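Please read it alongside the coordinates.

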Amino acid sequence: MSLEQRYTDGDYLRQNPGWSLEDAEWKAGMIAALIRENKVEFSSVAEVGCGAGGVVHSLQQQFAGVSFSGYDISPQAIALAQQFQQEWLQFYNEDFLQKDTDTPDLILVIDVVEHVPGFYEFLTKLREKGRQFIFHIPLDMSCRTLLKPHVLLQQRKSVGHLHYFTKEQVWWALQDCGYTIRHWQYTKPRIDIDKPDSFKRAVKKTLRNASFSMGKNSSVKLWGGYSVLILAE
């Protein structure tokens with residue numbers, strides 16, 4: 001089986017039946033805030049690796065009059081996304097890099113890079129397809145995961161992460177591929193935001209948030225589980 005086949009033969013859907021739709025509004029909220037804070041101007045948006053379409057759907061509802069599109073190689077994901085399709089939002093079961101299309105003003109790449117076998121080639125080709133880019137990339141490498149590599153293995157088996165990044169590795173890759181970073185910020189995992197469902201989770205949430213407030217960089221490297229949200233051009 002090729003590395004991409006799990007997304008086209010239904011295997012990924014079997015392991016992740018919601019295709020992360022439960023996180024869509026949360027992610028879209030962070031992206032919308034980033035767009036507004038940085039006064040990003042756009043009239044067309046394409047999401048590459050849109051999955052079930054929840055993120056781009058939520059964004060379309062917040063930015064009226066903007067043309068949105070979502071692309072994914074998985075027919076199962078696009079079948080789920082079709083429920084959101086309407087005049088200002090279209091979905092395509094296609095590889096965006098292989099499509100001859102007008103250059104969108106903004107390209108979204110949300111939790112995708114870590115899944116792509118040849119991510120350097122992917123980033124290089126993507127750079128030629130757009131003007132502005134928003135990336136959301138998990139920072140799986142941390143002191144915790146170095147000491148507990150089974151955590152990385154679990155990420156690989158359940159959600160298909162092939163690459164594990166630190167913030168520095170993300171920076172180097174984007175710069176190597178010709179991107180200029182305009183703005184970036186850490187994003188917290190849901191465990192640090194949602195109401196804990198047990199005493200153990202409550203203690204963990206308290207410790208993580210206290211650590212993050214004292215030093216973001218050191219906390220990200222110590223605990224792991226965070227991601228980075230990037231506006232680039």
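Two strands pair if DSSP finds at least two bridges between them; helices (H or I, at least four residues) and strands (E, at least two) are DSSP runs, numbered from the N terminus. The model is predicted, so local features need pLDDT of at least 70 and side-chain atom pairs count only at pLDDT 80 or more, while totals for chains, interfaces and linings use all residues. Residues are numbered from 1 along each chain as its sequence is written, and side-chain values use heavy atoms, with hydrogens and water left out.

**Sheet**

- An open sheet of 7 strands has the order β3-β2-β1-β4-β5-β7-β6, with mixed pairing.
- At its edges are β3 and β6 (181-187), each of which pairs on one side only.
- Strands β5 (residues 132-138) and β7 (residues 227-232) run antiparallel and are joined by 6 bridges.
- Opposite serine 227 in β7 stands proline 138.
- Helix α2 (residues 24-37) lies across β4 (106-110), β5, β6 and β7, at about 35 degrees to β7; contact means heavy atoms within 4.5 Å, and axes are lines fitted to C-alpha atoms, for helices over the stretch in contact, with angles from 0 to 180 degrees between N-to-C directions.

**Cavities**

- On a 1 Å grid over the protein atoms alone, a cavity is a set of points where a 1.4 Å probe fits but cannot get out, and lining residues have an atom within 4 Å of a point.
- Grid points are joined across faces, edges and corners, and a volume is the space filled by probe spheres set on the points.
- The whole structure contains 2 cavities of 30 Å³ or more.
- The largest cavity holds about 40 Å³ of space, and its lining includes Leu139, Phe165, Glu168 and Lys221.
- Helices α8 (167-176) and α10 (216-223) give two or more residues each to that lining.
- The second largest cavity has a volume of about 30 Å³, and α8 provides the largest share of its lining, 4 residues.
- By class, the lining of the second largest cavity has 8 nonpolar, 1 polar and no charged residues; Ala, Val, Leu, Ile, Met, Phe, Trp, Tyr, Cys and Pro count as nonpolar, Asp, Glu, Lys and Arg as charged, and the others, Gly among them, as polar.

**Lysine 204**

- Lysine 204 is placed in helix α9 (residues 199-214).
- Beyond its neighbours within four places in sequence, lysine 204 is in contact with Arg144 and Ile191.
- Lysine 204 and tryptophan 171 are 33 residues apart in sequence and 29 Å apart in space, C-alpha to C-alpha.

Methods. 1 Å grid on protein atoms, 1.4 Å probe; cavity = no way out; pocket = protein on both sides within 12 Å on 5 of 7 lines; lining within 4 Å.
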